[in-house]
Amino acid sequence: MHFPAIRAIIKKELRILGSRPAAYIIVAVFALLWEFLFFNSAFLAGEASLRLLFGILPWLLLFFIPAVTMGSIADESREGTLELILTHPVKDSDVILGKFAAAKIFSAAAILLTIPVAVAFNSFGDLDIGAVAGQYIAAIFLACLLAALGIAASSLMRSSVAALLVAAAASFFLIVAGLDVVTSRLPLAVAPVAERVSALSHFESMARGVVDLRDIWYFLSGIAIFLGIAHLALLRRRLGRGAQVFRRHQIAIAAVIALAAITNTVGSRIPGRIDLTEDRIYTLSPITKSTLHDLPGPITMTLYASPLPAPLQPTLRAVEDTLRDYRIYAQGKITLARKNPSRDQAAAAEAGTRGIQPVQFNVVGQEEFKVQQGYLGLDIAYGDKHEAIPFVRTTGDLEYQLTSIMAKLTTTEKKRVVFLTGKGEKSVLSDYRAWGTELEKQFTVEEVSPEEEKFGDARVVVLAGPTQRYSDAGRRAVKDFLSRGGNALFLVDGVAVTPQFLTASANPERFDDILESYGIKVQPALAYDLRSNETVSFSGGFINYLLPYPFWMRSPRTEEQSPLGSRINGLVLAWASPIERASTTPEGVTLTSLFASTRFGGVQREPFFIAPDTALAETDLASRIVAVSATKGRENADVKTSGVTRIVVVGDSDFLTDQFVQNAPENLAFGVDAVSWLAETPSLAGLRIKTAQPRQLIFENKTQIALVKYGTMGFAGLAPALFGAFVLLRRRSLGKSRFI
């Protein structure tokens with residue numbers, strides 16, 4: 001290998017590509033088509049993410065990369081220039097590596113033309129820069145793999161058109177090998193192999209923002225194989241099949257292929273990854289590490305897994321990686337076991353007793369669909385106590401499930417959380433079932449009437465949207481509870497809404513007399529946001545319309561610092577009431593705004609009109625506070641607590657109902673986090689939303705959307721054209737000056 005020779009080949013290839021107008025046209029068409037497909041639906045979700053952009057990329061590279069590499073060797077061979085190059089002191093490997101490097105540079109430049117899209121989205125949202133970096137790294141690795149494949153095809157064909165077709169077909173196979181449409185027709189034992197061969201599986205793994213050594217090795221070994229095949233093809237042309245050197249290289253390439261197959265199979269069990277995401281969402285959180293460090297005794301985690309279809313293989317790999325991380329950080333307090341119930345009747349019976357049942361999926365055999373069963377469940381045991389995850393469909397909240405189960409199994413004394421009831425409040429047994437289930441993992445949860453005054457040793461009281469005014473005895477009970485050092489979560493509806501009839505009226509119970517001592521007042525009004533809101537289905541006659549609904553706000557976190565909800569970007573609130581802070585904070589009270597509308601927030605006062613097609617005022621817009629926390633010092637503080645009373649006030653009680661938390665997991669996370677903060681207990685809420693929180697795109701007007709869309713597309717189309725025109729004109733002028 002001679003680096004000067006390789007460098008000379010790279011310059012020659014780039015010079016040839018730079019002198020062809022077709023090359024610039026190909027790049028411009030590729031970039032324009034890529035962004036056009038992306039912008040068709042990029043703004044519908046309103047999410048600051050490039051996942052859709054890079055989801056399209058592999059299918060475009062199927063044609064772009066073969067078009068770039070099709071003539072790299074085939075044209076040289078047809079025109080006779082390849083033999084001329086090889087007569088110089090240049091090795092076959094130098095030619096291959098030089099052409100590959102040139103194709104890599106050219107392809108990477110085309111991919112990087114989309115950087116203005118990332119810059120624009122980050123300007124109007126909050127991109128996860130680490131995840132975007134992972135997406136670009138994955139894209140370049142995939143382009144390099146397909147470029148190596150294209151050079152191999154070009155070396156085997158004498159026609160560039162034939163090389164294009166062969167490279168495109170082979171690339172298509174690499175992309176679709178792991179898709180369900182292919183693996184579902186393979187025997188179950190072969191499907192995981194197809195998934196590991198698929199470039200798309202490894203590309204998607206890295207595009208999450210995780211640089212995994214196993215994925216890197218897949219791409220590097222694939223590149224080595226294809227470049228080795230190209231090198232072998234050149235040797236055959238130059239020396240013939242009977243040459244001893246050719247045969248030695250044949251054996252070497254076969255050995256490389258075998259080594260790659262073995263290492264990619266065995267190496268799939270060896271972890272090693274770098275999490276590039278901003279919040280380290282694929283790395284164990286500090287609260288998990290602390291929980292593992294403080295485990296009171298040994299825990300056994302048993303993974304019940306059987307052969308599964310290819311689409312579930314990445315999930316299985318992620319589960320194994322996560323369990324391995326748990327074992328490492330537990331420092332000997334966790335024992336891992338793996339059993340295959342499909343082959344072990346005793347393991348199947350044991351899994352059944354733990355609540356882990358097989359799931360059914362379709363496979364194709366002998367030209368017909370068959371139903372097979374498979375396992376992917378977990379059992380966590382501490383002493384004689386067991387908790388199970390029956391089937392792991394996604395690993396997005398796996399860390400939360402595992403850590404919360406461990407906390408539930410090992411916690412001996414749970415703090416008491418009381419939901420007040422009897423005045424029209426929402427019930428933890430019906431309205432807040434999902435929230436109640438999560439709270440019960442860390443607390444003892446009960447419902448109590450305020451008149452009973454049986455708060456006892458409760459640590460937190462929740463007042464969830466009462467619609468009737470509390471009696472004097474009930475109000476006195478709440479005040480006494482707070483004065484004794486209790487903490488409270490007030491979910492106060494300033495306006496009572498009846499969704500079925502789209503009617504609303506001022507709510508008589510807003511706890512003004514209690515909250516005013518903290519400098520807080522929930523207004524009898526509705527807040528709305530004209531820019532950051534949900535889209536709802538609205539029936540008009542026989543047609544359903546999708547309309548933005550400003551009363552269902554996506555309220556981002558304020559800039560005020562607080563440990564409460566620090567990992568939550570925003571909440572989805574329904575018919576929230578604005579919260580007014582006193583101009584002068586009462587002595588001893590610390591107030592913190594948690595969530596508010598954007599600066600496009602408005603307030604509707606009586607009479608209330610809440611239909612989706614209601615015309616709302618676009619004047620007097622400002623950020624409207626909808627959630628606050630407050631602390632107030634106490635005399636004779638309980639030595640077991642922090643010496644302050646804590647309250648959290650949210651101008652909405654609907655956002656934690658099952659209807660909303662199903663589609664807004666950040667709401668549920670805030671509900672758990674709020675109670676944990678009030679109970680002065682470490683919160684596990686941040687674990688639940690590590691991979692689920694959307695990052696919003698917020699535009700002031702449609703002009704900004706048009707500028708982002710057409711500005712970035714214009715750059716993608718014009719940049720290659722202008723650069724190509726500059727290069728061609730410069731070469732033409734240099735040619736004239738030399739002639740003169």
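Among contacts in the chain between residues at least 6 apart in sequence, what percentage join residues at least 24 apart? In this predicted model, the share of such contacts that join residues at least 24 apart is 75%. The chain contains 25 helices and 24 strands, and of its 740 residues 52% count as buried.

Two residues were examined individually, beginning with a serine in a loop. Ser-49 is placed in the loop between α2, which covers residues 21-39, and α3, which covers residues 51-69. The relative accessible area of Ser-49 is 16%, and Ser-49 is therefore classed as buried, since that term applies to values under 20%. The side chain of Ser-49 reaches the backbone nitrogen of Arg-51 at a distance of 3.2 Å. When residues up to four places away in sequence are not counted, Ser-49 touches Phe-38, Phe-121 and Leu-127.

The second residue, Tyr-136, belongs to helix α8, which is formed by residues 129-156. With a relative accessible area of 9%, Tyr-136 also falls under the 20% limit and therefore counts as buried. Leaving aside residues up to four places away in sequence, the residues touched by Tyr-136 are Phe-54, Ile-111, Leu-112, Thr-114 and Ile-115. For one of these, Ile-111, the separation was also computed between C-alpha atoms: those of Tyr-136 and Ile-111 are 7.9 Å from each other, although the two residues are 25 residues apart along the chain.

Definitions and conventions: Residues are numbered from 1 along each chain as its sequence is written. This is a predicted model: local features need pLDDT of at least 70, side-chain atom pairs count only at pLDDT 80 or more; totals for chains, interfaces and linings use all residues. Side-chain values use heavy atoms; hydrogens and water are left out. Helices (H or I, at least four residues) and strands (E, at least two) are DSSP runs, numbered from the N terminus. Buried means under 20% relative accessible area, exposed over 50%, partly exposed in between (1.4 Å probe, protein chains only). A polar contact is a pair of N or O atoms within 3.5 Å; within protein, one must be able to donate a hydrogen and the other to accept it, and residues adjacent in sequence count only if both atoms are side-chain atoms. Contact means heavy atoms within 4.5 Å.
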